[in-house]
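Good morning, everyone. Please have the sequence and the 3D view open while I talk.

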Amino acid sequence: MKGIVASTIGFISKTFPALYSTFYLDYLKQYSSSYDVNKTQLRALVFVNNNGPISMTDLCAKLNIEKGSLTSMVDDLTDKGYVVREKDASDRRKYLITITENGKNVALDFMGKLSNSLEEKLFKLTEEEQSKYMEAIGTLQTILNKENLG
């Protein structure tokens, strides 16, 4: 069992940062500058667009940022017209962050351009490599979706 734990830690620490950088972060940096948002704001817009309204607390956890930083970020995104902050009807102590039409446009445009960029990178793989890649992604998703790991 120690071998699988050590291999998992090694794989995560070496592979995930490379995947994140190669497939997402580099493009996130490049694209965020074309809008009036930073990388974290763009990540937030994409997350809220893909998952729907979310509480400030949950968004902090999903983006892995401090509450004070999130408050400033949401204020800025609100001023730019990309999100609205509304009281949660089921718990008046909480606020929900909801994406606006302008925010959706930014998120969707980014996702479209990211898809094109990834397509160019993955197109360079042979059919066999593409098949192995898809199989590996499927296996990881299956394992991570198991109740005892998620």
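Predicted model: local features only at pLDDT ≥ 70, side-chain atom pairs only at ≥ 80, totals over all residues.

Start with the whole chain. The protein chain holds 6 helices and 3 strands. Read from the N terminus, the order is α-α-β-α-α-β-β-α-α. Along its principal axes, the C-alpha trace spans about 50 × 35 × 20 Å. There are 150 residues, and 27% of them are buried. Now take the contacts between residues at least 6 apart in sequence: 46% of these join residues at least 24 apart.

In what order do the strands of the open sheet lie? The order is 1-3-2, and the pairing is antiparallel. Strand 1, residues 54-55, and strand 2, residues 83-88, stand at the edges. Each has a single partner strand, so one side of each has no neighbour in the sheet. What holds strands together in general? Strands of a sheet pair through backbone hydrogen bonds.

Look at strand 2 beside strand 3, residues 91-99. The two pair over 6 bridges, in the antiparallel sense. For a landmark, find Lys 87: Tyr 95 in strand 3 stands opposite.

Two helices pack on this sheet. Helix 2, residues 39-51, touches strand 1, strand 2 and strand 3. Its direction makes about 100° with that of strand 3. Helix 4, residues 67-79, touches strand 2 and strand 3. The direction of helix 4 makes about 120° with that of strand 2.

Now zoom in on Leu 96. Leu 96 sits in strand 3. Leu 96 and Thr 57 are 39 residues apart in sequence, yet 9.3 Å apart in space, C-alpha to C-alpha.

Last, the surface. The accessible surface comes to about 10,200 Å², and 54% of it belongs to carbon and sulfur atoms. One nonpolar patch covers about 560 Å². Its members are Phe 11, Ile 12, Phe 16, Leu 19, Leu 140, Ile 143 and Leu 144. Helix 1, residues 2-32, and helix 6, residues 127-145, each supply at least two of the patch residues. The largest share, 4 residues, comes from helix 1. Ile 12 belongs to that helix. Ile 12 is partly exposed, at 38% relative accessible area.

That is the tour. Thank you.

Technical notes. Residues numbered from 1 in each chain as written. Heavy atoms only, no water. Pairing = 2+ DSSP bridges. Contact = heavy atoms within 4.5 Å. Axes fitted to C-alpha atoms, helices over the stretch in contact; angles between N-to-C directions. Patch = residues over 30% accessible without salt bridge, like charges linked within 9 Å, V, L, I, M, F, W, Y side chains within 5 Å. Areas by Shrake-Rupley, 256 points an atom, 1.4 Å probe, with all protein chains shown as cover. Salt bridge = Lys/Arg side-chain N within 4 Å of Asp/Glu carboxyl O. Buried < 20%, exposed > 50% of the residue type's maximum accessible area, 1.4 Å probe, protein only.
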